[in-house]
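Here is a report on one protein model, written for reading beside the sequence and the 3D view. Please keep both open.

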Amino acid sequence: MRLRPFIFLAALLTVLSACGSARTTPLPTATVEIYRDPAAAIAARVEDLLQRMTLAEKIGQMTLIEKNSLTPDQVRELAIGGVLSGGGGYPSTENSPAAWADMVNQFQRAALSTRLGIPIIYGADGVHGHNNLYGAVIFPHNIGLGAANDPVLIEQIGRVTALEMAATGVFWNYAPAVMVPQDVRWGRTYEAYAERPDHVATLAVAFLRGLQAPDIAPPNRVIGTPKHYLGDGGTAWGSSTTDNYQLDQGETFGDEAMLRAVHLPPYRATIAAGARVIMASYSSWNGQKMHASAYWLTDVLKGELGFNGFVVSDWAAIDQIDSDYTRAVITAINAGVDMNMAPYDARRFIDALTQAVASGAVSEARIDDAVRRILTVKFTMGLFEQPFAQTDLLAQIGNPAHRELARTAVAKSLVLLKNEDHVLPLPKDIAHLYIGGQAANDLGIQSGGWTIEWQGRTGSIIPGTTILAGIQAAVSPQTIVEYNQHGRFSGDPSAPDAVCIAVVGELPYAEGRGDSASLSLPPGEQRVLRRMEAACARLVVVLIAGRPLIITGDLPNWDALVAAWLPGSEGAGVADVLFGDRPFHGRLPVTWPRSLDQLPLGTGAGEPLFPYGFGLTP
C-alpha cells in the first residue's frame, strides 16, 4: 500500500514529461485547417486543402454539370466542383430572382455539407445581361456594343451584369466573348464586338473590368470567362461536322502567324486585365481540335501568356475529340483542360478520368495542377467566406437605373447607313407615322438569341419596351401612329405629311443554328418591305439583325437605313435617336458586304457596301 503514492508520482512525471515534449513538436499540417482561415494567404490555403483531398474529391472539383442533370444530393455524393445553367436553365418552379437564388443556394448547401465543405462555382452565359433570368435588364448584344465602341459604357454594363448575377448566386459568367469574326454568315457574329482584334480587346477588357470589380458584391468577386480559345471566329464555310452547322464549331485554316495576329490579341489583353477562367473553343486548327491542343492550351496560354487561372471546356466539347470517350478525356486533360463541362453525365467523366489516373495515362501531378488552379480561383472569388446568393441585391435586378443604362447603350449602338434628304431625325410633331414589320412590336426579336432560352424566342418573353412603344411615347399627342406588322395600312402612307418606318429583323437564333447561307431577312419581313416600298412616299428602314445582311438590291428603294442590331429590352433607345433626342453615334464594327462573294472578310472583288468604321451623322 505504501508504494502506491510513489508509483502514482512516477506515472504523473512521465505524463508531464510527454506533454512537455508535445508542446515543442509541431502538430501535423493535416490537423490545422489553414484553408478555412480567411486571413491566410490564398496559396497557403490552396496547398493546405489540396493535401487533404482524395483523388475522388479532386476529380469532383474538375467536373462541371448542368443543373438539370443532377440533384443537390449528387453534388454532395460526388463532391462536384461546378454547376451551371445552360441557355434556358432557369428554375423548374418559376423564372424569378427569388427562385434562382433558392435553386443556386440548394446546390451550394449540398456542396458545403461534403467532408471538406468546398463550395461549388455556379456559372451561366450572361452574354447581354443576366439573360436567362426573367426580369433582368437585357443589353444590346455585343455587335451593337462594338458599334457604340464606348469602353466606359461597357464597363458600366459589366458592373450591372455582375450585380444582377450576384443577387442570384451566379458568380461565374461565361463572358465576354472575344472572338474576331471573319465571316458574318456565322451564327455567333452578334456575340462578337468587332472584326478587328484591337477593337475586340479594348471592349472585352472594359467589360471584364466592370464585371470583376472587387467592390460590386464584397466579399464575392464575379468572374468572367473570355471565350472561345482559339480561332473560333475564323472557321471556314462548310467545315463544321456538327449537326447542320456550316461555320460554327468548324475548322480554322491558316498558319500560326495568322492565329497570333488575328485571334490571340484579345486573350493577351484580357489575361493582363485579370481574367481567371478561359473557355476552350469547339473549333479546330489545321485538323486538331483546340480542346486537344497541348501547344495552344498549355505551352502558349499557360506558359507564354502566363495564364494562371483555369481552362474550362465548352458544352460536351471533349466528347468531339475521339469516339473513344476515355481517350478523349485523357487527351483533353493532358492538353490543359482543367474543368470539364460534362453537362449530362457526371459519373461518366469521373469514372473515365479515375481510370486514366489508375492506368498512368493522366498523372496525379496533372490532376493536382488542375485542382490547384480551380481552388485558387474559388478562394479569389471569396466563395469560402460567402458562398450564397447575395439576396440583398435582388431588388436591384432590372431596376430603372439599369434599364436607363441599357437605353443609353441602345442609342449609342445605332448606325446610320443612309439618309436621303436628311429624313432623319424625324420631327416629333410629324402628322402621320406608318409602322410595319413584326420586329417593331416583338421583344423577343429585338433581343435575339441567348434571351431566356438558348435560341431565344419571339413574343413578349421579357419585360421591356418594344421599339413601337418607344416611338409612340416619343411623338407628340397629335401624331397619328398606325401600326400593321404586315405593312397593310388603312391610311395614306404616300401623303406628303407622312413617313413610314419599317422595323424588320431576323428571327432569334444562336450558335450554329444561325449559320446562314443567304444572309437574308425572313420571307414575311421581305414581303413587308415590298409592300411599304410600293406604298410609302418616304421610307425609313430599321434593321434588327445580329450581323450585316445582303441588302444591296433593296437599298435604292429606301430613304434611310438604320442598323439597330439586337438592342435588347429597351427599345425606346431606338426612338431616342430616330427623333433626335440623342445623336447617331455608332460606327460599323464589321464590314458590310455587297454580296456573298465578298465573304469571308478580304475575299471577292470590289468594294463592300459599307466599310468597317462607316457611319453617317445627320
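How many of the five residues of β12 are buried? Five of its five residues are, and the strand is mostly covered. Buried means under 20% relative accessible area, exposed means over 50%, and partly exposed is in between, with a 1.4 Å probe and protein chains only. Helices (H or I, at least four residues) and strands (E, at least two) are DSSP runs, numbered from the N terminus.

This is a predicted model, in which local features need pLDDT of at least 70 and side-chain atom pairs count only at pLDDT 80 or more, while totals for chains, interfaces and linings use all residues. Residues are numbered from 1 along each chain as its sequence is written, and side-chain values use heavy atoms, with hydrogens and water left out.

**Strands**

β12 pairs with strand β17 (residues 560-565) in the antiparallel sense, over four bridges. Two strands pair if DSSP finds at least two bridges between them. Val415 stands opposite Ala563 in β17.

Another set of three strands forms an open sheet. The order is β6-β8-β9, and the pairing is mixed. β6 (251-252) and β9 (288-289) stand at the edges with a single partner strand each, so one side of each is left without a neighbour in the sheet. Strand β8 (residues 284-285) pairs with β9 in the antiparallel sense, over two bridges. Trp285 has Gln288 in β9 as its bridge partner.

Leu543 belongs to strand β16 (residues 539-544). Leu543 counts as buried, at 2% relative accessibility. Its C-alpha atom is separated by 9.4 Å from that of Leu521, 22 residues apart along the chain.

**Backbone in the loops**

One joins Pro218 and Pro219, with omega about 5°. Pro219 lies in the loop between α8 (197-211) and β5 (227-229). The other runs from Leu424 to Pro425, with omega near 0°. Pro425 is in the loop between β12 (415-419) and β13 (432-436).

That loop between β12 and β13 also holds His422. His422 has a positive phi of about 50° although it is not a glycine. Is His422 buried or exposed? It is exposed, with a relative accessible area of 61%. Gln249 also has a positive phi, near 65°, in a residue other than glycine. Gln249 is found in the loop between β5 and β6. At 9% relative accessibility, Gln249 counts as buried.

**Aromatic contacts**

Rings of Phe, Tyr and Trp (its six-membered ring) pair if their centres lie within 6.5 Å; planes under 30 degrees apart count as stacked, over 60 as edge-to-face and the rest as tilted. By this rule the count comes to 14 aromatic pairs. Two of these pairs are set out below.

| Pair | Centre to centre | Angle between planes | Class |
|---|---|---|---|
| Tyr35 and Phe384 | 6.4 Å | 85° | edge-to-face |
| Phe107 and Tyr122 | 6.4 Å | 40° | tilted |

Why does the pair of Tyr35 and Phe384 tie together parts that are 349 residues apart in sequence? Tyr35 lies in the loop between α1 (3-24) and α2 (42-50), and Phe384 in the loop between α14 (364-381) and α15 (400-413). Tyr35 counts as buried at 1% relative accessibility. Phe384 counts as buried at 18%.

Phe107 lies in helix α5 (residues 97-112) and Tyr122 in strand β3 (residues 121-124), so this pair ties together parts 15 residues apart in sequence. Both Phe107 and Tyr122 are buried.

Ring pairs also link Trp565, Trp592, Phe610 and Phe614 into a cluster.

Charges meet rings too. A charge sits over a ring if NZ of Lys or CZ of Arg is within 6 Å of the ring centre and within 35 degrees of the ring normal. Arg185 lies over the face of Trp237, at 4.4 Å from the ring centre. The charged end of Arg348 sits over the ring of Tyr325, 3.5 Å from its centre.
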